[in-house]
Amino acid sequence: TYCPRCRGTRKPGHRHDKPLSVNIDKGVWHCFNCGWKGALGRPDAPDHREYSPPAPIEADHIYSKAVTWFAQRGISRATLDTMGIAATGQRIYFPYYLDGEHINTKQRRYSADDPTVKGFKQDQGTRHSWYNVDAVRESRTVYVVESEKDVLSLIECGIDAVISCPNGAGNYDGDWFDDVDWDGKDRVVLAGDMDEKGRAFCEE
C-alpha cells in the first residue's frame, strides 16, 4: 500500500508505488522505500506518538486591514468569524481542529498594500491534519483544495465539505492523510489551481 511517511517526497514517477507492507494479523508494518516500520502497541506506533500543543494565537481578533484583504478576494467577515480566523496587521492565523480540538495553527504573512507578500509558518511538533477536516466527517462528497484561503472561498460559495492540505499542494507526507475516511466517500472533487503545481496536485 502507499506509505504516508514518504509518498509526498518521492519523485512523480514513483508516487504511485506501494512500498508499504502491512500485516494486519500481526499488527506490524514496514516500508521498503524509507524504512519506516512499527507495530501496534509499541512506542513507535502512530497511536502512541506525542505531539506538542499549539502556541496561543497572538491575536484575539481580526485586524481591519485583514478583513479588507479577504474582502478583496471575495471572502466575507462572516466566514472569517465562523472559521475563527484571527489576524494582526502582518499575519493571519488559521486554527486547525481535529475532532473539535485545536491541534495546530498556520500563520500566513500578508500585506494590504503588496499582494506579493507571502510566507507560511506552523508550530513545531504539533499534530498536522487537513484544514477543516471535521466538516467532512458525515459528507459523502469531499472537495479538496490547495490552501486555507481556497477553503474559505468555497465556504463563501455554500460548499462546507471542503478541506486543504496542511503543507500545500503536493505535500502528502504524514499520518494525517487518513484523518478522512476515504472509503466512506462517494465522490472526491480535486480543485487545484490552474498552474503547474495545481495540475500536479490533481494528478497526485
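Which residues does valine 67 touch, not counting residues up to four places away in sequence? In this predicted model, they are Ile62, Arg77 and Leu80. Valine 67 is part of helix H1, which spans residues 64–71. Its relative accessible area is 18%, and because buried means under 20%, valine 67 counts as buried.

The largest nonpolar core comprises 33 residues. Ile62, Phe70, Ile85, Ile92, Trp130, Tyr131 and Leu152 have the most contacts inside this core. The elements below each supply at least two residues of the core.

| Element | Residues | Contribution to the core |
|---|---|---|
| Strand E5 | 91–98 | at least two residues |
| Strand E8 | 141–145 | at least two residues |
| Helix H3 | 148–156 | at least two residues |
| Strand E9 | 162–164 | at least two residues |

H1 likewise supplies at least two residues. Another core, of five residues, lies apart from the largest one; among its members are Cys3, Leu20, Cys31 and Trp36.

Leaving out residues up to four places away in sequence, tyrosine 131 touches Met83, Ile85, Phe94, Pro95, Tyr96, Glu148, Val151, Leu152, Val162, Ile163 and Ser164.

An open sheet is formed by four strands in the order E4-E5-E6-E7, with antiparallel pairing. Strand E4 (86–87) and strand E7 (119–122) are the edge strands, each pairing on one side only. Eight bridges join E5 to strand E6 (residues 101–109) in the antiparallel sense. Phenylalanine 94, one of the residues touched by tyrosine 131, stands opposite lysine 106 in E6.

Notes
Residues numbered from 1 in each chain as written. Predicted model: local features only at pLDDT ≥ 70, side-chain atom pairs only at ≥ 80, totals over all residues. Heavy atoms only, no water. Buried < 20%, exposed > 50% of the residue type's maximum accessible area, 1.4 Å probe, protein only. Contact = heavy atoms within 4.5 Å. Core = buried A, V, L, I, M, F, W, Y, C linked by side-chain atoms within 4.5 Å. Pairing = 2+ DSSP bridges.
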